[in-house]
Every structure is written in structure tokens, then in C-alpha cells.
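Please keep the sequence and the three-dimensional view side by side while working through the points.

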Amino acid sequence: MRQLGEAGAVLFECTWSRNGKQIAFIGADAEGDIEIFSIDVDGENLRQLTRSQEQTFIWELVWSPSGKSIAYIVTQLPKGPVNQIFAKAVVHIVDTVGGD
């Protein structure tokens, strides 16, 4: 077993790239914002793929067949009831080569 990323980091929803060379996951950046990252399976080349402008909730990462992009669902965190999270969700696509 091998650890990828920092111990104690908040990471979730990991998904393998189609070629098996990278893993994408959702985690917190240095400011505590939830973002999408990728890392090579050897633990090298950790990259932040998204840079949200507001507090968001991200889920359902899916690699494209070519491996050049990831589709995901995102919504702004509501100031009101939590059930609004799903009502305002949209699909975004991020480039895995150059980031957002």
C-alpha cells in the first residue's frame, strides 16, 4: 500500500483515469475551498484542476474517454436550506492537461 498526498488531508471521491496513470479526487486547497485535484499513481505531479471563486460543493467526477477532461457536478453552497444544493447544481468540465 502506498500513500498519495499528505497525511491528514481531507480527500474524497477518488477516481482512476481511463489509462490508469492518474487519480482525480476532491479535496480542500490551502484556503480550505473544495476543489478537484489530480495526481500520478506514483505520487508525483499533484495538480489543482479547479479554482472556485465561491464556496462550492463538488461531486460525481467522471473522466472523459480521452482522459483530457473530467466532468463533474458543482453547486454554490446555499445560505438557506441545504436542499437547495441539488436544485442549483450544474455540470462542468475541466481540462486535465491545463487546469481550469
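Predicted model: local features only at pLDDT ≥ 70, side-chain atom pairs only at ≥ 80, totals over all residues.

1. Two strands are said to pair if DSSP finds at least two bridges between them. By this rule, strand S6 (residues 69-76) and S7 pair in the antiparallel sense over six bridges. Within that pairing, Ala 71 stands opposite Ile 93 in S7.

2. Residues are numbered from 1 along each chain as its sequence is written, and side-chain values use heavy atoms, with hydrogens and water left out.

3. The protein has one helix and seven strands. Helices (H or I, at least four residues) and strands (E, at least two) are DSSP runs, numbered from the N terminus. Read from the N terminus on, the order of the elements is β-β-β-β-β-β-α-β.

4. Some overall values follow. The protein has 100 residues, and 33% of them count as buried; buried means under 20% relative accessible area, exposed over 50%, and partly exposed in between (1.4 Å probe, protein chains only). Of the contacts in the protein with a separation of 6 or more, 32% are between residues 24 or more positions apart. Contact here means heavy atoms within 4.5 Å.

5. How are the strands arranged in the sheet that contains S6? Three strands form an open sheet in the order S5-S6-S7, and the pairing is antiparallel. Strand S5 (56-63) and strand S7 (90-95) stand at the edges with a single partner strand each, so one side of each is left without a neighbour in the sheet. From one strand to the next, the twist averages 30 degrees. This angle relies on axes, which are lines fitted to C-alpha atoms (for helices over the stretch in contact), and angles run from 0 to 180 degrees between N-to-C directions.

6. A further open sheet is formed by four strands in the order S1-S2-S3-S4, again with antiparallel pairing. S1 and S4 are its edge strands; each has a single partner strand, so one side of each lacks a neighbour in the sheet. Inside this sheet, S2 and S3 run antiparallel and are joined by seven bridges. Phe 25 stands opposite Phe 37 in S3.

7. Rings of Phe, Tyr and Trp (its six-membered ring) pair if their centres lie within 6.5 Å; planes under 30 degrees apart count as stacked, over 60 as edge-to-face and the rest as tilted. The count by this rule is two aromatic pairs. Phe 25 and Phe 37 form a stacked pair, with 5.6 Å centre to centre and 15 degrees between the planes. This pair links distant parts of the chain, since Phe 25 is in strand S2 and Phe 37 in strand S3, twelve residues apart. Phe 25 is buried at a relative accessible area of 8%, and Phe 37 is buried at 9%. Phe 57 and Trp 59 form a tilted pair, with 5.0 Å centre to centre and 40 degrees between the planes. Phe 57 is partly exposed at 30% relative accessibility, whereas Trp 59 is buried at 13%.

8. Is Ser 17 buried or exposed? Its relative accessibility is 6%, so Ser 17 counts as buried. Ser 17 belongs to the loop between strand S1 (11-16) and strand S2 (22-28). Leaving aside residues up to four places away in sequence, Ser 17 touches Gln 22 and Trp 63. A polar atom of the Ser 17 side chain lies 3.2 Å from the backbone nitrogen of Lys 21. A polar contact is a pair of N or O atoms within 3.5 Å; within protein, one must be able to donate a hydrogen and the other to accept it, and residues adjacent in sequence count only if both atoms are side-chain atoms.

9. Most residues other than glycine have a negative phi. Glu 13, which is not a glycine, has a positive phi of about 55 degrees. Glu 13 lies in strand S1 and is partly exposed, with a relative accessible area of 32%. Asn 45 also has a positive phi, near 60 degrees. Asn 45 is found in the loop between strand S3 (34-40) and strand S4 (47-48), and counts as partly exposed at 49% relative accessibility.
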